[in-house]
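Reader: I would like to go through this model with you. May we begin with how its helices are arranged?

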Amino acid sequence: MTTPATLPVTSNSDVVLVRQHVRTVAVDVGLSLVDQTKVVTAASELARNALVYAGGGRVRVEIVHNGIRRGLRLTFSDDGPGIPDIERALTDGWTTGGGLGLGLSGSRRLVDEFDVRSAPGEGTLITVTKWAR
Ligand SMILES: Nc1ncnc2c1ncn2[C@@H]1O[C@H](COP(=O)(O)OP(=O)(O)O)[C@@H](O)[C@H]1O
Ligand SMILES: [Mg+2]
């Protein structure tokens, strides 16, 4: 079994490993090539955010079931500064880091389920799920 696994996100090379692992599990779950790429792209953006804004974090990668449906769930967590205004952070183009401000908003569009829990000083927990069709 390739899942569940919790991977560190503490360097750029970790981000590469996260992308590779997510791709492998996405194939196992039976996601289409397009959906594999979508979830790998979301994973990459969320991992990069954990690295840049929180100084690192981790991601749990697991296969989930809903009846006969299988899905891939990623749970990113970090103990960084948190996101004071989640709605604003999810707005296209909003950035505090001089980026494109499309990581969170774009990731939300690339997956089926997207949940952010965060508060100032309490870190950030982001869960995304992509279901096989
Ligand atoms: N894990 C995180 N911890 C703290 N703040 C975050 C985190 N992820 C995102 N943010 C905040 O949300 C903003 C938007 O993120 P994102 O959409 O990925 O755009 P960008 O990374 O280009 O700024 C970031 O600029 C940052 O302020
Ligand atoms: Mg980003």
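**Helices and sheet**

Author: Helix 1 (residues 12-29) packs against helix 2 at an angle of about 155 degrees, and their axes lie 9 Å apart. Helices (H or I, at least four residues) and strands (E, at least two) are DSSP runs, numbered from the N terminus. The axes are lines fitted to C-alpha atoms, for helices over the stretch in contact, with angles from 0 to 180 degrees between N-to-C directions. Please note that this is a predicted model, in which local features need pLDDT of at least 70 and side-chain atom pairs pLDDT 80 or more, while totals for chains, interfaces and linings use all residues. Residues are numbered from 1 along each chain as written, chains are lettered from A and ligands numbered from 1 in written order, and side-chain values use heavy atoms, without hydrogens and water.

Reader: How is helix 1 oriented to helix 2, parallel or antiparallel?

Author: With an angle of about 155 degrees, helix 1 is roughly antiparallel to helix 2. That word is used for angles over 145 degrees; under 35 is roughly parallel, 65 to 115 roughly perpendicular, and the rest oblique.

Reader: At what angle do helix 2 and helix 4 pack?

Author: Helix 2 (33-54) and helix 4 (103-110) meet at about 150 degrees, with axes 9 Å apart. Helix 2 and helix 4 are therefore roughly antiparallel as well. Their crossing, however, is left-handed.

Reader: Let us change topic. What is the order of the strands in the sheet?

Author: The sheet is open, has 5 strands in the order 1-2-3-5-4, and its pairing is antiparallel. Strands pair if DSSP finds at least two bridges between them.

Reader: Which strands stand at the edges?

Author: Strand 1 and strand 4 (113-118) do; each has a single partner strand, so one side of each lacks a neighbour in the sheet. On average, neighbouring strands are turned by 20 degrees against each other, direction ignored.

Reader: How many bridges do strand 1 and strand 2 have?

Author: Strand 1 (residues 5-9) and strand 2 (residues 57-66) pair over 5 bridges in the antiparallel sense. Within that pair, alanine 5 is opposite valine 61 of strand 2.

Reader: What about strand 2 and strand 3?

Author: Strand 2 and strand 3 are also antiparallel, over 9 bridges. Isoleucine 63 has leucine 72, in strand 3, as its bridge partner.

Reader: How many residues lie between the strands in that hairpin?

Author: The hairpin of strand 2 and strand 3 has 2 residues between the strands, and glycine 67 there takes a positive phi near 65 degrees.

Reader: Finally, how does strand 3 run against strand 5?

Author: Strand 3 and strand 5 run antiparallel and are joined by 8 bridges. Leucine 74 has valine 128, in strand 5, as its partner.

Definitions and conventions
Left-handed = near helix turned anticlockwise from the far one by under 90°.
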